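I am opening a notebook page for this structure. The entries follow in the order in which I looked things up.

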Amino acid sequence: MTDKKVWLITGAGRGMGVDIAKAALAAGHAVVATGRKAERVEHAVGEHDDLLVVELDVTSPASAEQATATAVERFGRIDVLVNNAGNFYAGYFEELTPEQIDAQLAVTLLGPMNVTRAVLPFMRKQRSGHVVTITSTAGIVGGEMVSGYAAAKFGAEGWMESLAPEVAPFGIKTTVVEPGFFRTELLEPASTTWAELAIDDYAERNATIRPFWESMNGQQEGDPAKLAAALVQVVDQDDPPVRRVAGADAVAGVEQKARDLLAQVDAYRDISTSLAIA
């Protein structure tokens, strides 16, 4: 099967990673499904002749290198990397501890960097490959109680945007996927950690906004299985997009952010364009 690709997917033990792994297998591709607990990945994805389950802690460069080597040993190559693993530390910035911010960045920003760093040498050798990183609308639009998460996702957006021209000469493509609210497990207690500290000035808003976030769990409109199927189609394109906004809510949010940015530029255009040395 000449169109068969080898996919390496992080965070395939639950949520969107499971759907992506199943969609890639259903499309006839080989999949290396990874997670911190291999048995959880095996249970979630099931059995398949073209499936390899590998334990991977994205916060560990050594673990990323080992998982990559295992994938190449089994399938001989890696054609598609999907950086999907993530977590969510929710709360006002002042109420998030430094340790919580570190943990947010370690998984959601540095984690994709660790795995991509391990995979790129093989893709460069092949002179082909596709790096896909799942970010979020929160990587484009910041919001109340998501400052830590947005910091990681904004960082991932900038990193991927800069990586694209660096690796393009080697035949390696990149795509950022920016989902809105999808019915995944991101808001489950296993994936969401609330701020540890309590500051009186934030108490009233916390009492209103935290229940709202918790009520969203299981009520999100986006279908992760449809997103996964769409991702397979994106990867199969000869000229895939460098950015894919996913979900009607995400489209609306990104469009509004674009309008806001242009309005902010226009508001101070005269001053901004008059700053050259005379």
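**Entry 1**

Helices here are DSSP runs of H or I with at least four residues, strands are E runs of at least two, and both are numbered from the N terminus.

I noted that the model is predicted, that local features need pLDDT of at least 70 and side-chain atom pairs 80 or more, and that totals for chains, interfaces and linings use all residues. Residues are numbered from 1 along each chain as its sequence is written, and side-chain values use heavy atoms, without hydrogens and water.

I then listed the contact (heavy atoms within 4.5 Å). Helix 3 supplies Pro 61, Ala 64, Glu 65, Thr 68 and Val 72, and helix 5 supplies Asn 114, Val 115, Ala 118, Val 119 and Phe 122. Sorted by class, these are seven nonpolar, two polar and one charged residues. Nonpolar covers Ala, Val, Leu, Ile, Met, Phe, Trp, Tyr, Cys and Pro; charged covers Asp, Glu, Lys and Arg; the others, Gly among them, are polar.

**Entry 2: Glu 65**

I looked again at Glu 65, which sits in helix 3 (residues 61–75). Its relative accessibility is 52%, so Glu 65 counts as exposed (over 50%; buried is under 20%, partly exposed in between, with a 1.4 Å probe and protein chains only). From Glu 65 to Glu 161 I read 23 Å, C-alpha to C-alpha, across 96 residues of sequence.

**Entry 3: helix 4 and helix 6**

Next I took helix 4 (residues 98–108) and helix 6 (residues 147–167), whose axes come within 9 Å and cross at roughly 30°. The crossing is right-handed. Ile 101, Gln 104, Leu 105 and Thr 108 of helix 4 make the contact with Gly 148, Tyr 149, Ala 151, Ala 152 and Lys 153 of helix 6. By class I have five nonpolar, three polar and one charged residues.

**Entry 4: Gln 100**

What does Gln 100 contact, leaving aside its neighbours within four places in sequence? I found Tyr 89, Glu 95, Thr 193, Trp 194, Ala 195 and Glu 196. Gln 100 lies in helix 4 and counts as buried, at 3% relative accessibility.

**Entry 5: aromatic pairs**

I counted two aromatic pairs, where rings of Phe, Tyr and Trp (its six-membered ring) have centres within 6.5 Å. Tyr 92 and Tyr 202 form a stacked pair, 4.7 Å centre to centre with 20° between the planes (stacked is under 30 degrees, edge-to-face over 60, the rest tilted). Tyr 92 is in the loop between strand 5 (88–90) and helix 4, while Tyr 202 is in helix 7 (residues 200–216), 110 residues apart. Both tyrosines, Tyr 92 and Tyr 202, are buried.

**Entry 6: positive phi**

Which loop holds Met 145? I placed Met 145 between strand 6 and helix 6. Its phi is near 75°, positive in a residue other than glycine, and Met 145 is buried at 3% relative accessibility. Arg 127, also not glycine, has a positive phi near 60°; I found Arg 127 in the loop between helix 5 (110–126) and strand 6 (129–134).

Note on methods:
Axes fitted to C-alpha atoms, helices over the stretch in contact; angles between N-to-C directions. Left-handed = near helix turned anticlockwise from the far one by under 90°.
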